[in-house]
Amino acid sequence: MPTFSDVPKIAYEGPTSKNPFAFKHYNPEELVEGKSMANHLRFSVVYWHSFRGTGADPFGMGTMLRPWDDGSNSVENAQNRARVAFEFIEKLGAPYYAFHDRDVAPEGATLAESNRNLDAVVKVLKEEQQRTGIKLLWGTACLFANPRFVHGAATSPNSDVFAYAAAQVKKAMEVTHELGGEGYTFWGGREGYSTLWNTDMKRELDHLARFLHMAVAYKKEIGFTGQFYIEPKPREPTTHQYDSDAAACLNFLREHDLIDHLKLNLETNHATLAGHTMFHECEVAAAAGALGSVDANRGDELLGWDTDQFPANIYETTAIMLTILKMGGLTTGGLNFDAKLRRESFEPVDLFHAHIGGMDVFARGLKAAAALRADGRLGDIVKNRYASWDTDLGQSIESGKESFASLEKHALGNDDPIQHTSGRQELIENILNETI
Ligand code: XUL
Ligand code: CO
């Protein structure tokens, strides 16, 4: 073939380079806090947007020029596409990729045929993984595109649909395991409702939990040791998705005794849709020891939908990396570019520009977060803000030795603690702007 022959292997050339096909900040071997950037960032290319995205939107058909794709639903076309995808990921230098079962292989007339199609493409994926050393970050199943999932999959009002979804996830877990996948993700797809007037919410949530418990059991049965993730998203396609944000997911997992089995895969644009910052979602998940992986993208502040743009906001990537550094780094997960090119960016070469930009802006975020930690001023402001908790009183409360009565005694015997410390928000913003 080779399809991207005009593009060289992307190398690090440093911040002064003007070469569009070079990294200005992502230097895989460079050490940050004693660990290589490659190990901190663990970048992953998503198959569905980058190799199946057409650029279609509700107002118009696809625009993407993909000369290697014959447009057919054949297994041969899917196998060929897989080889092209690996050529791209190899030139980019990303260590991981991620896919849904139905992105990589065409759905057949029956479930058995779909499974055979998947096996035929997985064979090529395996060869390409071995040839290139690129690894599978996580696999997942598409339980939302086919009309059978119109009312959801694990939360469908129809038990045959639940059974079909279970069979599909069983197979997707098997191929993820076969490909040495480091994780498996459950995104709610259509697990939610369009209207509560036709919905038995309690029953649907119990079914979702039952489904995930079956997945946990099957994981054990086949010896798959990868990490399970659940991916929060508040709406779209349904009016309300049950996995609406990090806090809702954690509550669901705790309520249904699943908290030890799943971590969260947080996506920036989903945080925006939930009315949160990604920083908020990261802090919620990290506080629960459940920040597993990140779908690295961004939303448009002026559009209320899931635009899934490539990351470009350094403040956002700095905040994400600060939380990740604080929690000791990503272990099983990575920064997975669940992001799509704008429909106006239809040339194959735009795939390089998008990913190079996303990797550089996360490298800058990582460097800025490490610089903030090394500088120490931000950390000191936070520490000083809580200094009273390190006194006798604070320690005594934290260790559970105080009561309302003892604290009343303290409050009556002391001055009113009104306005004890400034929040220093503007100073913090100055420090951020100095650093970034
Ligand atoms: C949808 C979304 C999915 C999941 C995987 O918004 O983010 O692509 O990441 O199913
Ligand atoms: Co996602």
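The site of the cobalt ion (ligand 2) is octahedral, with angles of 80 to 172° among its 6 donor atoms. Six donors count as octahedral if opposite donors are over 155 degrees apart and all others between 65 and 115. Donors here are N, O and S atoms within 2.8 Å of the metal (3.2 Å for Na, K and Ca), and because water is not among the atoms, sites may look incomplete.

Before going on, please note that this is a predicted model, where local features need pLDDT of at least 70, side-chain atom pairs count only at pLDDT 80 or more, and totals for chains, interfaces and linings use all residues. Residues are numbered from 1 along each chain as its sequence is written, chains are lettered from A and ligands numbered from 1 in written order, and side-chain values use heavy atoms, without hydrogens and water.

So who holds the cobalt ion (ligand 2)? The protein donors are E231 (OE), E267 (OE), D295 (OD) and D338 (OD), at 1.9 to 2.1 Å from the ion. Their spacing along the chain reads E-x35-E-x27-D-x42-D. E267 sits in strand β12 (residues 262-267) and D338 in the loop between β14 (335-337) and α12 (349-375), so this pair ties together parts 71 residues apart in sequence. Strands (E, at least two residues) and helices (H or I, at least four) are DSSP runs, numbered from the N terminus. Both E267 and D338 are buried, meaning under 20% relative accessible area, with exposed over 50% and partly exposed in between (1.4 Å probe, protein chains only).

Now to helix α3 (residues 75-92): 14 of its 18 residues are buried. Just after α3, G93 takes a positive phi of about 85°.

Notes: Tetrahedral: all angles 85-135°; square planar, octahedral: opposite > 155°, others 65-115°.
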